[in-house]
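Open the model in your viewer and keep the selection tool at hand. The tour goes from one chain to the next, with a selection at each stop.

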Amino acid sequence: MRPLFPFRIEVRPQPSTSMVIGVSLLAILAAFLVSGLILQAYGMSSVRDYGVVLQETLGSPQGIAEVVRKTIPLLLAGVGLALAFRAQFWNIGAEGQLLAGAVAAAGVALFAPIPAPWLLPCMFVAGFVAGSLWGSLPTLLKVKVGVNEVITSLMMNYMALYSVQWLIYGPWKGKSMRGFAYTDPFPQAAWLPLIPGTRVHWPTLIVGLTLALGITFLLSRTRLGYEVRVLGLNPEAARYAGIDGARVTLLVMLISGGAAGLAGVGEVAGIHHKLLGPTQISLGYGYTAIIVAWLARGNPLAIILTSLLVGFIFASGDVAKVALRIPVQIVEVLNGLILVFLIGSERLLSYRVRWAPASPPSLPRPSTSRPLPPGEGEGGDGGDGTSDLQHTPDVERL
Amino acid sequence: MDPEFWLISTLSRALAFGTPLLWGALGEIYAERAGVINLGVEGMMILGAFFAFAVAQTTGHVGLGLLAAAAVGGVAALLHAFLAVTLRANQYVAGLALTMIGLGLAGLLGRGWEGTPLQQPLLDVSIPWLSSLPLLGPALFTGQSPLTYLGLLLAAILWWVLYHTRWGILLRSCGEAPAAADAAGVNVSLVRYLAVLFGGVMAGVAGGFLSVAYRPSWTEGMTAGMGWIAVAIAIFAAWDPLKAVGGAVLFGACYHLAFRWQGWVVPELLKLMPYALTIVVLALTAVVKERRWRGAPEALGLPYVRGER
Amino acid sequence: MRNITKTFPGVVANDRVTLEVRAGEIHALLGENGAGKTTLMHILYGLYQPDAGEILLQGQPVRIRSPRDAISLGFGLVPQQFLLVHRHTVAENIALGLPGTRFLFPARQVERRVREVAERHGLEIDPRAFIWQLSAGEQQRVEILKALMRGARVLILDEPTGILTPRERESLFRVLRRMAGAGHAIIFITHKLDEVMAIADGITVLRKGRVVATLAKGEADQRSLARLMVGREIAGERPKRQQPPGEAVLTVSNLWARNDRQHPALRGISFSVHQREILGVAGVAGNGQRELIEVLTGLRQPLSGHVEVCGREMTGASPREFFEAGVAHIPEERRRRGIVPGMSVAENLVLRRYREPPFAKGPLLDLHAVTEFAEDAVAAYGIDTTGPRAAAQVLSGGNLQRLILARELSGSPRLLIASHPTHGLDIAATDYIHELLLQQRDQGAALLLISEDLEEILRLADRIMVLYAGEVKDILPVADAEPERIGMMMAGLGRE
């Protein structure tokens, strides 16, 4: 509690939802402002320029369809990450899991002798399984041996990336594509139907929305969901309640990896209809999904909104590239800035400024190793009551 | 090909390939020893790579390029320190976010700089007397970049400072028991800021090495995850600067072999090697560690607030 | 220190306390937990500022605004929980922040000085040893050396013997006497009477923030000190017990357990708790209570011994097994261990039983049942909250305790372990909790009540067990318990 006479800053036990949303919006705004400075250097400065971008992105059915198209993988991966983060498992490997799903779908589409009507469902299942498996190694390492999951899941991303490259240059190289690094195009039965007039592969969207609802249901209404939340919020209480942390984490990651895998299926089956270079399949969706999940504070329903927002950012980035020749990397910068401002502002949520001119400046909180004197001994909440995602991974177990 | 020659050439190339990893790992070791984990190394490296190239290309002076790389790494690190130490935000996410920004920014700024090789790259040199030593000479002291030699020297100096000077005690105390350091009058925040700053500078130069000496050119994403591997090496080396040399050489050898075996194995699969090795190394470290000796600094990743003892 | 007064929200920690210590004197600051001893010393060391009163050093008033000031004035504090870096050596720890240390190889320079100072005061220590290699007593010597080498003339030790073996304690006393002989002043915070008698030249007894006595060595004996420390208040109307106790619900035989530092915390404890009785565990914190509770709730594996609940062998069982065997637990740190912050009241209420019907139907939770249960519990226990959906962490301490009680009692437990259940609560909440506990007893449960508040135990318990240094000093019916005797046992003196 620091006195800044005549204000008093005190610990806030639990910020309201509207405060959380408000601060998030402020963070996003700040990120946009800073990006605006960069954009200015590239010649995008006037209101007219911004107007052009907005118009192209949102002002036409095509534009909105593009936004939705970008939203789909973010939605799927984001929902998976939200679940993982809620269990305090830092899955940074969504990018690799997405690619794994894409590979599995491509494999099924190109090589599996499955009759036409079953092909697409099989592709989805294969993609889910592939994503799950790709995410299982970092999970097992953490659960069994205690290896920090951030770096291991990240390494899996790079391994997925080069594996895809190997496939498209090597064994799966398309016979009909001369000189290009793609596989053959998928058979027609493996093409996802689109919303007429757009390029939106709606089945994946349905899957995504279903998954969001499903995980919401899981978290709020099932035993497993309850266990996930307890584990993430207070691991000690979880031990008390007899919750098996290893089992819960594994299950969570199976779903999380699978969700990212589904995103990969959508991309290859709905947009490209072949397996391409990894950076063409995913424009960093796996990493951006982290921001989507963080913005939504781990709430799967909120992911629907936050993935739309970030999808909008991606789509407008494309528009800006075409219309104003702004390099598309600005999107990555903007997303990173949003995350920076988000976590930077989390402190704001923990404190509350009070106008207190009458009372004398309160003394600094004493540092003591003994129990505090009696009185509401435990004081306000020891940590932050803010985001469920505040805790850092357990580095002790490196 | 006789084994001695093979050993020497592998060691020599391993050292060369491992130099950026070494620089990055040394910086990260200091930051983590002070208690702050910096996952922004990848972003700082790539920014360093770009700025080193751009400045060197424009001014014709490689030295200025490297200085610019160091400066950029430092600025990014200050931001990370602000988030981690002052705002006490989640250090893992902060680093990730900075890496995203760094990668994006480097890609943004780097457009148009691709494809042209550097006019005046940093050339390899051999150390005159030492290079004629048997075995060690050709392996370590012949035909390496000055940054490699500097890196090895730094490793020794940093090791010595860490364990045998007053500063070292201060730094390590902030990472192990910030409450004890605070009670002894140490300004824990300041120490952490400086350590993170140092880490950023090292990461920047590591990136600069890539674009100015190693592959004197600029390509988007040219760090290809080396920043992460540097962080892993810091862990693998048990936060000891000298052991980091071993780790860097190990991974350097991995990169070298991946290059060497291109004739026999599919190149893309070879590229997987360093990343797979990272996972293996981390798993081994976790399994083998004896808590007291190999464990991370006890306060790593935890923001310090007086009064929460 | 003269007329020092210090108030925290809700409590007066020090009320016009006056303390005088002379050079060459070992002065004991005696009192129970919460008496205000530590607060007083923290004021002396600059960690708190007094609301009123003054501090005089050799007759001159001084202002101590921070530990730095205190150190420069010659005060040294040996804290109860050491501030040492485990991975570093003794020399490195002492060198940290020590003025005058040189830059290069500071440890070596410090090593020499450490050996000198250590010899002068009889503190044997190897400056090259790592802290984690040292015993608690040796680590304490490092803390003492730290203070001495910063020029301390007045040394404050906060409950120094809690973690020492008897031999280490003797060694410490020898060192302190030597230091006093050399002109240092020593202030010794303790709750242990035998130590006070053994070593103190002067004694100040604090109770509830006030000085109740200042004595010189010859003027005090153990009985009178115990009386002063604990107070003469007889427990108020004790509610009459309805029925005699029944069978043993909990039987503990020869239980040995280690604490987190790998020292023995429980040394062969044996006792039993029966139906329809409350066994109160009296003792100052740190004498094994925490470890005992952890063993009895499945959070700690004992070294040896047996724990039986209703005749079933439960030694080393998991928390879930204990709960399902009918053992409920009200934890000491409500907020940190008792609840899941961020979850609602209702969700917290089912933490132990969410797997069972009616709360769970297969893999699904029956939220309706949970809400209903929560509503009933809120009403039954008078939990002041806006509803079952409200966040649990905004509840006040008293309401949080009601929530925890509701949760734990919902399984109709056979044994209820209550750990400092009314710590930090106001009178109304305290009375409510007491009533509830008595009710449980009358309905047939066995209760194990751990509390530092002797009055509380005397009021509620049917039998009292005194724990000291991991051993049971005595178990006696409350009718036979005189506060003085209990106080003495709590302070380490055997039964007479």
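Start in chain C of this predicted model and select helix H9, residues 289-297. H9(C) lies across E11, E12 and strand E14 (304-309) of chain C, and runs at about 60° to E12(C).

The open sheet has four strands in the order E12-E11-E14-E15 (chain C), with antiparallel pairing. At the edges stand strand E12 (264-274) and strand E15 (312-313) of chain C; each has a single partner strand, so one side of each has no neighbour in the sheet.

Zoom in on one pair of the sheet. Strand E11 (residues 248-258) of chain C runs antiparallel to E12(C), and eight bridges join the two. To see one of these positions, select Leu250(C), whose bridge partner in E12(C) is Val273(C).

Stay in chain C and select helix H13, residues 367-381, which contains Asp376(C).

Move to chain A and select helices H4 (residues 94-111) and H5 (residues 116-145). Their axes are 7 Å apart and the helices pack at an angle of about 145°, in a right-handed crossing. On the H4(A) side, the contact residues include Gly96(A), Ala100(A), Gly101(A), Ala104(A) and Val108(A). Among those on the H5(A) side are Leu119(A), Met123(A), Ala126(A), Gly127(A), Phe128(A) and Trp134(A). By class, the contact of H4(A) with H5(A) has 15 nonpolar, six polar and no charged residues.

Next in chain A, select helix H13, residues 300-324. At 1.5 Å a residue, its 25 residues should span 36 Å, and the end C-alpha atoms are 35 Å apart, which agrees. Just after H13(A), select Arg325(A), which takes a positive phi of about 55°.

Finish by showing chain A and chain B together. Their contact takes 46 residues from chain A and 45 residues from chain B. On the chain B side, helix H4 (91-110), helix H10 (226-236), helix H12 (267-271) and helix H13 (273-288) each supply at least two residues. H4(B) gives the largest share of that side, 13 residues. Coloured by class, the side of chain B that touches chain A has 31 nonpolar, eight polar and six charged residues.

Technical notes:
Residues numbered from 1 in each chain as written. Chains lettered and ligands numbered in written order. Predicted model: local features only at pLDDT ≥ 70, side-chain atom pairs only at ≥ 80, totals over all residues. Expected span 1.5 Å × (residues − 1). Axes fitted to C-alpha atoms, helices over the stretch in contact; angles between N-to-C directions. Left-handed = near helix turned anticlockwise from the far one by under 90°. Contact = placed C-beta atoms within 7 Å. Nonpolar A, V, L, I, M, F, W, Y, C, P; charged D, E, K, R; others polar. Pairing = 2+ DSSP bridges.
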